[in-house]
Amino acid sequence: MSTRPSSSPPLPQTEPTSIAGQLTEARQRLAEAGIESPGLEARLLVGHLLRMSSAGMIAHGDRALSIAQTEAIRNLVRERASGRPIAYLLGQREFWSLPLQVDERCLIPRPETELLVERALQRLPDGAARVIDLGTGSGAIILALLAERPRLEAWGSDASADALAVAADNARRLERTVHWFRGRWLEAVAPRPLFNVIASNPPYVDPSDPHLEHGDLRFEPRAALVAGDGGLADLATIAGQSRARLHPGGWLLLEHGYDQAPAVRTLLARHGFLEVASHRDSAGHERITEGRCPG
Ligand SMILES: C[S@@+](CC[C@H](N)C(=O)[O-])C[C@H]1O[C@@H](n2cnc3c(N)ncnc32)[C@H](O)[C@@H]1O
């Protein structure tokens, strides 16, 4: 749970209120701040602090809250109104139906990355298989793959020790075994054994992209988001390193920006990958590009 005080001064002492009163106040505050789903987020934040479900809060709406509880709720809502991502405030984000713990040390897993998981599952051979998730962050991709294929030999790597700590914690809580490596892409990993699938959602945002100054992106680790060469530098590095680390017939799958698919297809073709193809996310953007290692 992240309930750190925000940088602005605390609200003054206040009179006690009810659960229903706080839900209404929180919804109004979030709506004024331009939050897209203020009612839902008000319920999530108030329920998180009171450790109550939405149904419980409705059933006990007239229950009085202490001054301390009221102030804690107001502080949390104020943080959200200032833009701090709700996933960091709740300390959790669901991905592939897994409740992953997340905080400022890692990227918040995005729904479009579930397409990478879907495609990787398609490309894994039946039976024994070895897969690596490069730039694992919270561990979202590798833990989703393990949820579907518990006997996979699962590897994960990241340059960030902080992110790896979050990923290892998530794996422990979900009782999954992953071999973790810290370092730059495949340089962190011994040249053998080979993988059946390499999957990665690397940083791919151009450092000058104005979106970096909006929404959740403002609060996420910059190193998880941006890459040089117009956002293509890390995609190019991974494409260059992967072929020698795949079994013949193995697959490389990469997530990328909505307009980067042609460039990524070119990268994979240049490195000798076959059957190079891109797949569209639910918004219709080409989001995942994959290629098969010859052999
Ligand atoms: C876009 S985030 C993806 C996180 C997670 N896989 C997900 O999909 O939610 C990219 C990840 O790559 C890691 N990363 C950045 N540069 C790296 C590098 N040179 N080598 C390895 N990992 C790197 C970041 O720390 C971050 O965790």
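Ser 97 is exposed in this predicted model, with a relative accessible area of 60%. Look for Ser 97 in the loop between β1 (92-95) and β2. Its backbone deserves a glance too: Ser 97 has a positive phi of about 65° although it is not a glycine. Most residues other than glycine have a negative phi, and most peptide bonds are trans. Asp 229 also has a positive phi, near 55°, and is not a glycine either. You will find Asp 229 in the loop between β6 and α9, where Asp 229 is exposed with a relative accessible area of 60%. For a peptide bond that is cis, go to the step from Arg 192 to Pro 193, where omega is near 5°. Pro 193 sits in the loop between β5 and β6.

Now let's turn to the sheet. Strands of a sheet pair through backbone hydrogen bonds, either parallel or antiparallel. Here seven strands make an open sheet with mixed pairing, and their order is β5-β4-β3-β6-β7-β9-β8. At the edges are β5 (179-182) and β8 (274-280), each of which pairs on one side only. From one strand to the next, the twist averages 15°. Strands β3 (residues 130-134) and β6 (residues 195-200) run parallel and are joined by four bridges. Within this pair, Ile 132 stands opposite Ile 198 in β6.

Helix α8 (residues 161-173) touches β4 (153-158) and β5, and its direction makes about 170° with that of β5. Helix α9 (residues 233-242) touches β3, β6 and β7 (246-255), and its direction makes about 175° with that of β7.

Next, a charged residue away from the surface. Glu 41 is found in helix α2 (residues 38-50). Its relative accessible area is 10%, so Glu 41 counts as buried, the cut-off being under 20%. Which residues does Glu 41 contact, leaving aside neighbours within four places in sequence? They are Leu 30, Ile 35, Arg 80 and Ile 86. With Arg 80 there is a polar contact of 2.5 Å between the two side chains.

Finally, the ligand. It is surrounded by 18 residues, and the closest are Gly 135, Asp 158, Trp 185, Asn 201 and Ala 224. A backbone N or O atom of Gly 135 lies 2.8 Å from a nitrogen atom of the ligand. For Thr 136, a polar backbone atom is 3.3 Å from a ligand nitrogen atom. Arg 184 takes part through its side chain, with an N or O atom 3.4 Å from a nitrogen atom of the ligand.

How values were computed: Residues numbered from 1 in each chain as written. Predicted model: local features only at pLDDT ≥ 70, side-chain atom pairs only at ≥ 80, totals over all residues. Heavy atoms only, no water. Pairing = 2+ DSSP bridges. Helix = DSSP H or I, 4+ residues; strand = E, 2+ residues; numbered from the N terminus. Axes fitted to C-alpha atoms, helices over the stretch in contact; angles between N-to-C directions. Contact = heavy atoms within 4.5 Å. Buried < 20%, exposed > 50% of the residue type's maximum accessible area, 1.4 Å probe, protein only. Polar contact = N/O pair within 3.5 Å; in protein donor to acceptor, adjacent residues only side chain to side chain. Near = heavy atom within 4 Å.
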